[in-house]
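Thanks for coming. I will take a few local features first, then the helix packing, the sheet, and the relation between the copies.

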Amino acid sequence: MTGWNRKDLIAIYDLDPEEINLILDTAEEFKKVSGRRIKKVPALRGKTVVNLFVEPSTRTRTSFELAEQRLSADIINIAAASSSLTKGETLLDTARNIEAMQVDFIVMRHSAVGAHYFLADRIRCGVINAGDGAHEHPTQALLDIFTIREKKGRIKGLNVTILGDILHSRVARSNIWGLLKLGANVTVAGPSTLVPHEFDSIGVRVCDNLPDALEDADVVNLLRIQHERQRAAFFPSIGEYASVFGLNPKTMRHLKPGALVMHPGPINRGVELDSKIADGPQSVILEQVTNGIAVRMAVLYLISNALSR
Amino acid sequence: MTGWNRKDLIAIYDLDPEEINLILDTAEEFKKVSGRRIKKVPALRGKTVVNLFVEPSTRTRTSFELAEQRLSADIINIAAASSSLTKGETLLDTARNIEAMQVDFIVMRHSAVGAHYFLADRIRCGVINAGDGAHEHPTQALLDIFTIREKKGRIKGLNVTILGDILHSRVARSNIWGLLKLGANVTVAGPSTLVPHEFDSIGVRVCDNLPDALEDADVVNLLRIQHERQRAAFFPSIGEYASVFGLNPKTMRHLKPGALVMHPGPINRGVELDSKIADGPQSVILEQVTNGIAVRMAVLYLISNALSR
Amino acid sequence: MTGWNRKDLIAIYDLDPEEINLILDTAEEFKKVSGRRIKKVPALRGKTVVNLFVEPSTRTRTSFELAEQRLSADIINIAAASSSLTKGETLLDTARNIEAMQVDFIVMRHSAVGAHYFLADRIRCGVINAGDGAHEHPTQALLDIFTIREKKGRIKGLNVTILGDILHSRVARSNIWGLLKLGANVTVAGPSTLVPHEFDSIGVRVCDNLPDALEDADVVNLLRIQHERQRAAFFPSIGEYASVFGLNPKTMRHLKPGALVMHPGPINRGVELDSKIADGPQSVILEQVTNGIAVRMAVLYLISNALSR
């Protein structure tokens with residue numbers, strides 16, 4: 001294929017490598033926009049985006065909103081708590097109402113896996129997945145992969161380790177699919193309760209000890225350990241997790257000096273990641289944040305072109 | 001009269017037929033804007049609108065906000081929970097503060113009937129009623145009447161039935177005044193506890209059984225039955241209501257094949273309206289949503305012109 | 001000095017008189033913008049402002065947001081409740097993330113004194129203090145001083161009385177520093193529990209009775225008495241406060257006829273201020289609100305110029 005023909009972005013799993021590379025190449029151009037004195041292009045002027053966050057989010061919603069503003073779109077934010085959804089309206093009715101308002105895009109976070117596909121089949125708006133349960137978070141994976149490609153010059157043949165609660169992580173799933181499609185070697189690591197061996201059936205290496213997981217890694221991508229909805233059944237304690245699987249000056253010895261340290265944020269300093277590493281020379285965590293806007297601008301732009309064809 | 005001279009829109013009751021028609025004609029022009037590739041005109045550029053929703057609303061607030069964006073206005077959203085109102089400031093002080101910030105419009109939803117008139121008399125801003133208690137919801141009626149006129153080519157002489165909780169409905173009141181002013185024949189129908197016979201004194205037919213209410217109707221406009229603040233005292237049960245006054249394939253037999261089915265949303269599927277009808281060929285519910293933006297753009301535009309004179 | 005070289009505005013205490021006057025002079029120009037038919041200039045087009053209100057505020061946040069809109073900035077609002085801060089992220093991590101999104105300004109309200117300095121030293125964004133605990137609220141003082149200068153033609157030599165809960169007030173502190181720097185004579189007055197005599201060490205007159213406090217005043221600036229977080233330990237009752245330190249037709253006899261009455265809002269009518277005075281000819285309370293936007297536009301504009309140098 002030679003272009004982008006999708007009106008939706010729901011899962012990295014659905015994309016072929018050319019589509020992923022097209023997003024990354026387009027994002028490279030948009031990254032320049034945010035570096036200018038006037039951080040704005042008129043690409044989406046007069047288009048409307050609804051950010052429908054049925055699960056709350058500051059970080060991802062803000063990144064999307066900035067991407068939308070820098071493309072000059074008109075923006076409506078709808079949060080779950082304030083929405084008609086709480087008046088018993090179905091999600092489909094909400095979406096059809098949004099469509100009837102001649103909205104061009106729905107950027108949605110929703111706990112139900114499948115909700116995005118369901119809507120995308122039934123409405124003309126572009127549907128962009130901003131996270132669905134433990135399924136996928138495609139723009140997070142795209143910004144992670146963009147950051148790796150920018151720093152390492154390629155994805156193919158790199159060894160990427162994803163570390164933490166793989167079982168419950170949509171970030172992990174989206175990264176795994178994207179990295180495999182582009183030819184990286186992926187290792188997933190963490191306590192065996194959170195990283196079941198069944199993962200090897202999808203083509204990743206499963207590893208239950210940190211030294212092995214880090215040894216040949218060119219990149220280590222750490223997942224957030226969820227304090228707030230304690231995974232009590234899955235590991236003994238936060239302190240235990242930090243000492244066995246946390247990245248700190250001691251465990252860093254296993255990692256190559258040139259390897260990248262990544263994290264989708266927000267960081268639990270002292271749990272999965274020690275401050276010395278988070279703020280150290282191998283960390284590209286804040287560059288991930290910067291690149292998130294470029295990647296989201298690229299996705300909105302490509303879909304907008306497809307919609308207007 | 002040959003134009004629009006009001007700085008406020010508070011009640012359909014206050015308008016004469018020429019004013020209503022002027023809004024509808026203006027809305028026809030604005031409807032085209034939302035169908036364009038660039039859904040935006042500069043009519044309200046550099047004007048400020050405050051959406052002050054002292055009662056929460058997603059649907060109406062979003063429709064107003066889209067109308068404002070497509071007119072290029074600057075927009076401030078103030079929700080009750082976050083407002084100085086909770087610090088004991090009076091509504092008049094809040095409004096005077098908004099006025100002092102050189103705001104042009106206050107779009108307000110408020111539970112107190114009379115609040116809009118009270119403010120409109122005391123501040124220079126245009127005041128637009130987005131719903132006040134059980135009194136009026138003028139832009140909802142205007143979008144309903146716009147939709148009927150668009151589909152039927154006229155209002156005069158049409159038989160319009162409004163069905164449901166007439167007693168507590170601002171949507172019903174605004175529709176009744178607008179339809180009567182434009183020469184329609186209006187029937188209100190529902191359980192007699194919710195549709196007291198006193199309504200006949202304002203020139204509408206009161207009907208307490210569905211077959212009679214639907215028989216000659218060209219349009220049936222269904223009101224939402226309020227699950228959440230159960231009208232326990234007014235009818236035996238939701239199931240009972242659905243079977244006696246709900247519109248479903250069985251009760252639809254009483255309605256002419258060409259009659260329009262309308263609903264202000266959000267729909268309680270299976271209560272006042274069966275899914276087969278809501279999604280069927282006679283339903284114009286989503287067109288009402290589309291038209292809501294056009295009507296609100298027209299109201300803002302006409303008032304803006306009046307304010308700058 | 002001949003210009004503005006700061007990337008942050010955190011405290012009036014830090015400014016020299018020339019800097020304060022430069023803000024006031026710039027605000028005079030921006031005040032004209034809000035009086036135009038098109039209330040908008042492109043000065044901050046393509047710049048991004050994050051309003052980070054870790055303590056809630058409608059009034060100040062709205063004033064800043066209007067100032068930002070009228071400068072054509074792109075705006076992100078982050079409220080505490082919805083923020084990553086509640087996921088245990090540190091304030092510095094939140095700010096670094098905002099910076100990584102190539103944001104130009106953080107307008108922040110935060111209960112912790114020192115939080116703004118801490119961030120300003122560590123990030124490139126301009127940091128504007130929208131209130132920090134009981135420390136400072138610099139833009140409130142600037143709008144108060146702007147209003148006095150506009151009405152009285154000067155600040156030097158004027159007698160300004162600040163009345164109320166001086167001990168807990170950031171508005172009082174910012175006003176005191178600004179007024180003293182510009183050569184006014186400042187009196188602070190109120191119950192001695194709320195206006196300790198130690199204040200005289202910073203060059204203000206301390207007064208514990210209303211007649212003396214008002215006698216020679218050219219301006220009296222009333223502070224809000226906090227109903228909601230009752231200062232139970234500090235004075236016997238609201239009624240007692242109102243009768244001894246409230247401004248009403250009876251106590252107004254002590255004030256010169258030409259003296260200005262100011263209040264930062266929201267007013268507790270009948271407590272610190274009687275309605276007759278609030279709405280009377282000496283009150284400039286609503287002009288303060290109008291001037292707030294001009295002053296905030298000036299601060300954003302001056303910092304924006306400094307940032308782009």
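Start with Pro266(B), in the loop that runs between β9 (260-262) and α9 (275-278) of chain B. This is a predicted model, so keep that in mind throughout. The peptide bond leading from Gly265(B) into Pro266(B) is cis, and its omega is near -10°. In chain C, the bond from Gly265(C) to Pro266(C) is also cis, with omega near -10°. Pro266(C) sits in the loop between β9 and α9 (275-278) of chain C.

One more backbone point, again in chain B. Gln102(B) has a positive phi, near 55°, and is not a glycine. Where is Gln102(B)? It belongs to the loop between α3 (91-100) and β3 (105-110) of chain B. For context, most residues other than glycine have a negative phi, and most peptide bonds are trans.

Now the helices. Two packed helices are described by the angle between their axes and the distance between the axes. I have two pairs to show.

Helix α1 (residues 17-34) and helix α5 (residues 138-152) of chain B have axes that come within 10 Å and cross at roughly 75°. An angle from 65 to 115 degrees counts as roughly perpendicular, so that is how α1(B) stands to α5(B). On the α1(B) side, the contact is made by Ile20(B), Asn21(B), Ile23(B), Leu24(B), Asp25(B), Ala27(B), Glu28(B) and Lys31(B). From α5(B) come Leu142(B), Ile145(B), Phe146(B), Arg149(B) and Glu150(B). Sorted by class, this contact of α1(B) with α5(B) holds 7 nonpolar, 1 polar and 5 charged residues.

The second pair is in chain A. Here helix α5 (residues 138-152) and helix α6 (residues 170-181) of chain A bring their axes within 8 Å, crossing at roughly 50°. α5(A) and α6(A) are therefore oblique to each other. Their crossing is right-handed. The residues of α5(A) that take part are Pro138(A), Gln140(A), Ala141(A), Asp144(A), Ile145(A) and Ile148(A). They meet Val171(A), Ser174(A), Asn175(A), Gly178(A) and Leu179(A) of α6(A). For α5(A) with α6(A), the division is 6 nonpolar, 4 polar and 1 charged.

Next, the sheet in chain C. What is the strand order? The sheet is open, has 5 strands in the order β7-β6-β5-β8-β9 (chain C), and pairs in parallel. β7 (205-207) and β9 (260-262) of chain C are at the edges with a single partner strand each, so one side of each has no neighbour in the sheet. From one strand to the next, the twist averages 20°.

Within that sheet, take β5 (residues 159-163) and β6 (residues 185-189) of chain C, which pair in the parallel sense over 5 bridges. Thr161(C) has Thr187(C) in β6(C) as its bridge partner. Helix α5 (residues 138-152) of chain C lies across β5, β8 (219-222) and β9 of chain C, and runs at about 165° to β9(C).

Last, how the copies relate. Two copies of a chain are related by a rotation about an axis and a shift along it. Chain C goes onto chain A by a turn of 120° with a shift of 0.0 Å along the axis, at an RMSD of 0.0 Å. That is the relation of a three-fold axis. For chain B onto chain A, the turn is 120°, the shift along the axis 0.0 Å and the RMSD 0.0 Å.

How values were computed. Residues are numbered from 1 along each chain as its sequence is written. Chains are lettered from A and ligands numbered from 1 in the order in which they are written. This is a predicted model: local features need pLDDT of at least 70, side-chain atom pairs count only at pLDDT 80 or more; totals for chains, interfaces and linings use all residues. Side-chain values use heavy atoms; hydrogens and water are left out. Copies are superposed by least squares on the C-alpha atoms of residues with pLDDT of at least 70 in both. Axes are lines fitted to C-alpha atoms, for helices over the stretch in contact, and angles run from 0 to 180 degrees between N-to-C directions. Helices (H or I, at least four residues) and strands (E, at least two) are DSSP runs, numbered from the N terminus. Angles under 35 degrees count as roughly parallel, over 145 as roughly antiparallel, 65 to 115 as roughly perpendicular and the rest as oblique. A crossing is left-handed if the near helix is turned anticlockwise from the far one by less than a right angle, and right-handed if clockwise. Contact means heavy atoms within 4.5 Å. Ala, Val, Leu, Ile, Met, Phe, Trp, Tyr, Cys and Pro count as nonpolar, Asp, Glu, Lys and Arg as charged, and the others, Gly among them, as polar. Two strands pair if DSSP finds at least two bridges between them.
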